[in-house]
Amino acid sequence: MLAVGIVLFALGIMASIVLHEYGHMRVAQATGMKVRRFFVGFGPTLWSTHRGGIEYGLKAIPLGGFCDIAGMTAYDRLDPEDEPRAMWRQAWWKRVAVLLAGPVMNFILAIVLFYVVAVGWGLANQDVKPVPTQEVAALVGETCEPGAVDADGAPVCGEGVGPAGTAGIRAGDRITAVDGEAVRNWAEVAPLVTGRAGETVTVTVDRAGEQVTAGVDVAALPVAGQADRGVLGVSLDEDAIPAHYRDDPDYQPWHTYDAVAAIPATFVFTGQMIELTLEGLASFPSKIPGVAASIFGAERAEDSPVSVVGASHIGGQAVERGMWEVFLLFLAGLNLFLGAFNLVPLTPFDGGHIAVVFYEKIRDALRRVRGLAPGGPADYEKLAPLTMGVFVILIGVSAIVITADFVNPILLPG
């Protein structure tokens with residue numbers, strides 16, 4: 001199933017790229033521009049056909065695609081009959097609409113996928129409120145045996161075994177502090193011990209109003225592809241949570257919706273994911289050194305950038321485990337990133353071409369103030385060094401990330 005999932009996710013990525021280019025094509029046609037070619041992939045042509053004056057085809061390297069619009073720059077060679085329909089001759093708003101259409105298609109696809117997940121499985125509550133510890137009668141329901149995991153990678157747990165039980169912590173105790181640092185809710189416990197496997201921490205609990213302290217040897221829970229995770233061997237007793245928290249949606253980590261309620265929820269969730277995507281895009285350059293280090297054995301961060309290879313492998317893992325909602329959410333998130341990445345104001349991205357259009361508008365407005373005629377199309381030859389530099393950086397980054405995806409791939413937890 002892993003191989004099937006990898007192929008399915010790769011096809012999902014390809015469909016995303018095709019829809020991106022289809023957006024460019026349809027808006028170009030609607031605004032009177034000449035579309036000459038629409039191809040999936042790069043490199044040598046495997047197959048092509050002509051229909052409606054457009055050549056459609058498939059190329060050998062399935063890592064992208066392109067929509068060839070006549071006259072994207074004034075240097076583009078055109079047939080005489082195509083001159084009036086050249087892109088650079090069109091009104092500025094038409095050019096911007098065509099350039100925006102690709103990223104917009106990625107955003108639309110992401111919204112559709114989020115909606116499908118919302119109806120079929122539900123959506124994660126990004127702003128879930130943790131239950132205050134003072135309202136919980138019992139935080140310890142079971143303890144886990146150090147280092148022991150089952151076939152699925154989950155810790156082997158049972159009453160009275162593991163480091164917490166050995167140290168004297170009982171079911172029904174309420175954790176109030178770890179190494180003197182107060183915890184107000186269950187969510188604050190794990191971060192205090194996650195990176196401390198093999199150490200001894202002081203855990204303070206409230207036992208029927210009495211403060212009890214115990215030294216707990218933090219167990220090492222193996223996590224594939226990552227450093228061992230420190231665990232106390234305790235878990236939240238869900239039955240002890242008061243009903244007013246269990247019934248309050250703000251305290252639920254996962255929300256389910258019907259087809260109607262899923263519509264506004266999808267847009268809210270999309271807004272939250274766009275915010276996270278922009279944060280990820282801003283931090284993208286700073287994460288590349290860590291990806292490069294992971295090639296040589298360093299731990300790879302779970303949120304590090306991935307290539308088509310890595311993304312397909314993550315999608316394959318999701319299918320292998322029957323986690324179709326994860327498959328769809330990851331594909332949706334990837335579309336948000338593709339859409340946002342293409343809006344970066346550097347050529348050859350769509351955002352770079354949009355920036356050129358607005359440069360021309362601002363320049364011509366300033367020329368009018370000075371009583372001068374419009375300056376004509378921007379000189380793309382002057383942008384050639386910048387464009388080539390961006391290409392070289394992209395190729396280098398792609399090589400690093402793809403290598404890391406083969407040598408040290410990101411694995412789903414569990």
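## A core residue and its contacts

Leaving aside neighbours within four places in sequence, L113 is in contact with L328, L331 and A332. This is a predicted model. A second, separate core of 17 residues includes V178, V189, V212 and A214.

## The largest nonpolar core

The largest nonpolar core holds 25 residues. Of these, F9, I13, L113, F114 and F327 touch the most other members.

In soluble globular proteins, nonpolar side chains tend to be buried together.

## Helix 7

Helix 7 is 18 residues long. From its first C-alpha to its last it reaches 25 Å. That is close to the 26 Å expected at 1.5 Å a residue.

Which residues of helix 7 are buried? They are E325, F327, L328, L331, A332, L334, N335, L336, G339 and A340. Among them are L328, L331 and A332, which are also the contacts of L113. F327 is buried too, and it is among the core members that touch the most others. The buried residues of helix 7 pack against helix 1, helix 2, helix 5 and helix 6.

Strand 8 covers residues 200-207. Six of its eight residues are buried, so strand 8 is largely enclosed by the rest of the structure.

Strand 8 pairs with strand 6 and with strand 9. Strand 6 and strand 8 run antiparallel and are joined by four bridges. Here A177 stands opposite T204 in strand 8. Strand 8 and strand 9 (residues 210-217) are also antiparallel, with eight bridges between them. One of the pairings links R207 to its bridge partner E210 in strand 9.

Strand 8 and strand 9 form a hairpin with two residues between the strands. In this hairpin, A208 takes a positive phi near 55°.

Where is A171 found? It lies in the loop between helix 3 (163-166) and strand 6 (174-178).

A171 and D405 are 234 residues apart in sequence. In space, they are 42 Å apart, C-alpha to C-alpha.

Methods: Residues are numbered from 1 along each chain as its sequence is written. This is a predicted model: local features need pLDDT of at least 70, side-chain atom pairs count only at pLDDT 80 or more; totals for chains, interfaces and linings use all residues. Side-chain values use heavy atoms; hydrogens and water are left out. A nonpolar core is a set of buried Ala, Val, Leu, Ile, Met, Phe, Trp, Tyr and Cys residues joined through side-chain atoms within 4.5 Å. Buried means under 20% relative accessible area, exposed over 50%, partly exposed in between (1.4 Å probe, protein chains only). Contact means heavy atoms within 4.5 Å. The expected span of a helix is 1.5 Å times one less than its number of residues. Two strands pair if DSSP finds at least two bridges between them.
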